[in-house]
Amino acid sequence: MPSALETDERALRPQSFTPPLGTGDTADYDRAIRRWTRELRWRHAMLWLVAPQPGETIADIGCGTGSFAIMLKQLHPGVSMIAVDPDEEALRLARGKAGRAGLAIDWRQGFADTVAPASAEAVTSSLVFHQVPLAVKRSSLAAMYRALKPGGRLVLADYGRQSGLMRLLFRVTVQRLDGIEDTQPNADGVLPRLIAEAGFAAVSERDRIHTATGTIAILTARRH
Ligand SMILES: C[S@@+](CC[C@H](N)C(=O)[O-])C[C@H]1O[C@@H](n2cnc3c(N)ncnc32)[C@H](O)[C@@H]1O
């Protein structure tokens with residue numbers, strides 16, 4: 001018999017989702033991210049903060065075309081990498097890239113709750129939370145918390161609080177592609193509070209990277 005909380009979370013499970021480039025074409029995703037987001041700057045910052053160790057299981061939620069999972073697995077072959085995304089086309093591109101690089105990654109079509117409870121030492125996510133509804137931001141963080149072993153680490157990169165010129169750039173780029181409703185809470189700086197409300201400890205904004213599409217924040221936290 002599911003508890004009332006589980007029933008609520010199932011009701012909040014996303015039935016639909018925004019694909020990688022919002023209203024744009026998924027085939028253009030990698031080029032757009034490279035050109036408009038200072039991609040290597042924030043992906044390397046994430047990687048450094050994840051600090052993967054051999055034998056660890058790491059799950060990337062909303063992996064898209066797989067760039068981060070592939071980068072991590074390439075540099076840390078001793079890690080078991082799980083990469084989850086609801087979008088079939090993005091996963092097809094990701095599998096192709098990993099296949100060409102000869103990397104074994106556990107690709108899964110679905111949402112954060114496809115990762116078994118207490119199974120990962122680290123959970124990562126990049127550029128996902130700005131394009132999901134507020135209720136899904138909450139339920140995804142709850143599922144990521146559950147997926148971690150006690151003491152496990154969260155590393156999240158996404159558009160965070162925007163101010164001044166960054167707010168304007170965010171408005172005319174990301175918000176044009178992904179809409180206002182899901183993106184505005186991020187621009188107002190909601191992420192650290194939501195992460196803490198999901199039960200995480202030691203929530204910290206570790207970096208803020210200004211890009212042509214707005215400021216990307218890198219946040220870390222731990223499961224108790
Ligand atoms: C902007 S892309 C980011 C992809 C990748 N993480 C990266 O860093 O390039 C956002 C991805 O989140 C996925 N997504 C959308 N809603 C999601 C949800 N509720 N849970 C997990 N992934 C989701 C989309 O399918 C898309 O691939």
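Author: Let us begin with the polar contact, which is a pair of N or O atoms within 3.5 Å; within protein, one must be able to donate a hydrogen and the other to accept it, and residues adjacent in sequence count only if both atoms are side-chain atoms. This is a predicted model, in which local features need pLDDT of at least 70 and side-chain atom pairs count only at pLDDT 80 or more, while totals for chains, interfaces and linings use all residues. Residues are numbered from 1 along each chain as its sequence is written, and side-chain values use heavy atoms, with hydrogens and water left out.

Reader: How far is an oxygen atom of the ligand from an N or O atom in the side chain of Y29?

Author: That distance is 2.7 Å. For the side chain of D85, an N or O atom is 2.6 Å from an oxygen atom of the ligand, and a polar backbone atom of G62 is 2.6 Å from a ligand nitrogen atom.

Reader: How much of the ligand's accessible area does the protein cover?

Author: Accessible areas come from the Shrake-Rupley method with a 1.4 Å probe, and for residues only the protein chains shown count as cover. On its own the ligand has 590 Å² of accessible area, of which the protein covers 98%.

Reader: What share of the residues in the protein is buried?

Author: Buried means under 20% relative accessible area, again with a 1.4 Å probe and protein chains only; of the 224 residues in the protein, 52% are buried. The protein exposes about 10,400 Å², with 55% supplied by carbon and sulfur atoms.

Key: Buried < 20%, exposed > 50% of the residue type's maximum accessible area, 1.4 Å probe, protein only.
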